[in-house]
Amino acid sequence: MDEIQRQRVKGRGAISNATSRYERETRALIDDGWSENEVLSDPVRTIVASASARSIIVRNNSPDIPFEQSVNPYQGCEHACIYCFARPTHAYLGLSPGLDFETRLFAKRNAAELLAKELRSKSYVCRPLALGANTDPYQPIERTERITRRILEVCRDFRQPVTVITKSALVMRDLDILAPMAAEGLASVAVSVTTLDGGLARVMEPRAASPARRLAAMRSLSAAGVPVAVLASPMIPALNDHELEAILEAGVAAGATAASYILLRLPLEIKDLFEEWLRAHAPNRADHVLSLVRQTRDGALYRAEFGTRMKGTGPYADLLSARFRIAVKRLALGERSWNLDCSRFRPPPAVGDQLTLL
């Protein structure tokens, strides 16, 4: 990867902005020889547009996912994690899963209103809600958009149980909502800690909170009585998988009571984006990493079958699984629990509602 192209995407995860799989034309960035006097190191700007969603609760019946419903306040994610499994969803918008995913974001500014409407539906059956299952609900634009906070306010008012999934320290801003909900069995938080190496985190997750800040957020949450899980995800062979036990130990020291891990997943466009990133940032290890990934995916870079897509197969994947089981037993960590209290769910009276006689 030449220095010119590196400068174009300074501070971002993806190296390129390849056309999505649904487009007829293919675009590629090249050096045409006329860039010598251009200012190429200007940061790529983030553009945020409003997404007028018609519904907000997403439901799934996947056997690999422990929750039945989720809410995602944003499409795209400024954290720019190169491994993010949500990247291919930008193709549905006619945009690239590469740099577009990190820089052309969509905020669902009517999310809280939609959630309240759907929770009031007579057909709604209360189940724990995962907040941020696709893109991070506390990515940097949440500081000004505050969509996640408004969603949490709705969950509080309806006594709707919610689990937050994040790698941002911004979650501490909403302790005034999360702590009282947790006291009633209505809230928990899962924090993703991919690596304890600050240097690796800066290039792999360039706009996410540092590992130290994530652990500090876990300590604050735990001290406030919010149940916290540590997610050692994704585990990347020969890159960060040697840190598995250390991540779990750091999580326990920060107050985590549960843990999980996921093996690196490279569906669709992520395969090429990750390999491009790997050869730019870890060229001496790239072939070894990709070889081990193939060993866990039956010779391919990814296989999507239920039951194995999260953990992989083969001796290397089995060893990682065994290490995790031994570590959580030694550290007395439980599995992530979704047993929040759904019995407390009560829609608050809406303006104009007739009061009941009983």
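Predicted model: local features only at pLDDT ≥ 70, side-chain atom pairs only at ≥ 80, totals over all residues.

User: Where does T296 sit, and what does its side chain reach?

Analyst: T296 lies in the loop between α11 (286-295) and α12. Its side chain reaches the backbone oxygen of V293 at 2.7 Å. Leaving aside neighbours within four places in sequence, T296 is in contact with L263, G312, T313, Y316 and A317.

User: What makes Y261 and F324 a tilted pair?

Analyst: Two values. The ring centres are 4.9 Å apart, and the cut-off for a pair is 6.5 Å. The planes make an angle of 50 degrees; under 30 would be stacked and over 60 edge-to-face, so what remains is tilted. By this rule the count comes to four aromatic pairs.

User: What lies over the face of Y261?

Analyst: K311 does, at 4.7 Å from the ring centre. The distance limit for a charge over a ring is 6 Å. R265 is another case: its charged end sits over the ring of F85, 5.4 Å from the centre.

User: Which residues form an aromatic cluster?

Analyst: Y124, F158 and F345 form one.

User: Why is D64 called buried when it's found in a loop?

Analyst: The label comes from accessibility. D64 has 19%, and the cut-off is under 20%, so D64 counts as buried. The loop in question runs between β2 (58-59) and β3 (69-71).

User: What makes the link between D64 and R309 a polar contact?

Analyst: Their side chains are joined at 2.8 Å, and the limit for such a pair of N or O atoms is 3.5 Å. A polar atom of the D64 side chain also lies 2.9 Å from the backbone nitrogen of G307. Not counting residues up to four places away in sequence, D64 touches E305, F306, G307, R309 and M310.

User: Is S192 buried or exposed?

Analyst: Its relative accessible area is 8%, so S192 is buried. S192 is placed in strand β8 (residues 187-192), and its side chain reaches the backbone oxygen of S233 at 3.2 Å. Beyond four places in sequence, S192 touches T166, K167, R214, L231 and S233. S192 and V230 are 38 residues apart in sequence, with their C-alpha atoms 6.0 Å apart in space.

User: Why is S343 called exposed?

Analyst: S343 has a relative accessible area of 52%, and exposed means over 50%, so the label holds. S343 lies in the segment after β11 (334-335). Its side chain makes a polar contact with the side chain of D341, at 2.5 Å. The C-alpha atoms of S343 and R159 are separated by 9.0 Å, and these residues are 184 apart along the chain.

User: Which residues touch the most other members in the largest nonpolar core?

Analyst: L115, L178, M218, L221 and L248 do, in a core of 67 residues. Setting aside neighbours within four places in sequence, L221 is in contact with V171, L175, L178, V189, V191, V226 and V228. There is also a second, separate core of 29 residues, including C84, I236, L239 and L266.

User: How much of the protein chain is buried, and how many helices and strands does it have?

Analyst: Buried residues make up 52% of the 358 residues. The secondary structure comes to twelve helices and eleven strands. Among contacts with a separation of 6 or more, 80% are between residues 24 or more positions apart.

User: What is the mean pLDDT, and where is the value below 50?

Analyst: The mean for the protein chain is 90, and 88% of its residues reach 70 or more. Over residues 1-8 the pLDDT is below 50, and this stretch has 18 contacts in the model beyond near neighbours in sequence. Residues 35-42 stay under 50 as well, with seven contacts beyond four places in sequence.

Definitions and conventions:
Residues numbered from 1 in each chain as written. Heavy atoms only, no water. Phe/Tyr/Trp six-rings, centres within 6.5 Å; stacked < 30°, edge-to-face > 60°. Lys NZ or Arg CZ within 6 Å of the ring centre and 35° of its normal. Helix = DSSP H or I, 4+ residues; strand = E, 2+ residues; numbered from the N terminus. Buried < 20%, exposed > 50% of the residue type's maximum accessible area, 1.4 Å probe, protein only. Contact = heavy atoms within 4.5 Å. Polar contact = N/O pair within 3.5 Å; in protein donor to acceptor, adjacent residues only side chain to side chain. pLDDT = per-residue confidence, 0-100. Core = buried A, V, L, I, M, F, W, Y, C linked by side-chain atoms within 4.5 Å.
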